[in-house]
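Please examine the sequence and the structure shown below. A short report follows them.

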Amino acid sequence: MNLTAASFLLCLASGVGVASSAHGAVAAADVIHGLLPLVGQGGSGARPVNVRFAQRVPVANGPYTASQAERGKVVYEQSCSTCHGSSLRGGANEFAAPALAGPFFYEKWSGRPLGELFRYAVENMPPDQARLSEAAYLDVMAYVLQVLKHPAGNTDLTADSPAMKRSIEAPK
């Protein structure tokens with residue numbers, strides 16, 4: 001679709017932006033088409049501008065949400081990083097905590113269900129300290145998945161999420 005620069009700016013100013021669906025793109029195109037007579041089509045020294053409507057990129061169907069992972073990062077930094085390290089690659093302190101990311105993590109956990117890691121954390125972490133709430137452990141699991149480059153989705157990770165039954169694997 002060719003539009004003049006003036007008509008394109010008018011569309012932006014009137015709130016017609018990038019359409020988020022095919023239906024929205026058609027509606028936006030109709031609005032633009034209706035505005036063209038108001039701003040002119042090519043006369044007055046205006047030059048045509050090509051406008052493309054971006055298609056909405058679907059959110060990956062990941063097992064956690066980005067906001068859950070952000071909450072988990074805060075919990076991790078407060079309760080886990082002292083032993084497991086800020087990069088989740090394992091601790092170098094007297095506890096020598098195992099890695100929660102990287103090749104050593106996958107060496108130990110690949111092929112095992114995510115729920116097993118979750119249960120282990122709930123039952124054993126942090127050592128010699130008061131346990132966290134189940135929600136906090138789930139948030140930390142979401143953060144770990146984010147660090148492992150698993151995509152976020154639209155639903156928070158829960159103890160009974162189908163993802164808990166899936167094997168831990170490196171993302172492809």
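The report covers the nonpolar core, the aromatic residues and several backbone features.

## Basis of the model

This is a predicted model, in which local features need pLDDT of at least 70 and side-chain atom pairs count only at pLDDT 80 or more, while totals for chains, interfaces and linings use all residues. Residues are numbered from 1 along each chain as its sequence is written, and side-chain values use heavy atoms, with hydrogens and water left out.

## The nonpolar core

The largest nonpolar core contains 30 residues. Such a core is a set of buried Ala, Val, Leu, Ile, Met, Phe, Trp, Tyr and Cys residues joined through side-chain atoms within 4.5 Å; buried means under 20% relative accessible area, exposed over 50%, and partly exposed in between (1.4 Å probe, protein chains only). The residues with the most contacts inside this core are Y76, L88, F105, L114, L117, L157 and I168.

Two or more core residues come from each of helix 3 (66–79), helix 5 (103–109), helix 6 (114–124) and helix 7 (134–147). Helix 7 supplies the largest share, nine residues. Helices (H or I, at least four residues) are DSSP runs, numbered from the N terminus, as are strands (E, at least two). Beyond its neighbours within four places in sequence, L117 is in contact (heavy atoms within 4.5 Å) with F105, W109, M141 and I168.

## Aromatic residues

Three aromatic pairs are found in a search of the whole structure. The rings of F105 and Y106 form an edge-to-face pair, because their centres are 5.4 Å apart and their planes stand at 70 degrees. Rings of Phe, Tyr and Trp (its six-membered ring) pair if their centres lie within 6.5 Å; planes under 30 degrees apart count as stacked, over 60 as edge-to-face and the rest as tilted. F105 is buried at 1% relative accessible area, and Y106 is buried at 15%.

At W109, the charged end of R112 sits over the ring, 4.0 Å from its centre. This term requires NZ of Lys or CZ of Arg within 6 Å of the ring centre and within 35 degrees of the ring normal.

## Backbone features

Most residues other than glycine have a negative phi, and most peptide bonds are trans. L88, in the loop between helix 4 (81–84) and helix 5, has a positive phi of about 65 degrees and is buried, with a relative accessible area of 1%. K149, in the segment after helix 7, has a positive phi of about 70 degrees but is exposed at 67%.

A cis peptide bond joins M125 and P126, with omega of about -15 degrees. P126 lies in the loop between helix 6 and helix 7.
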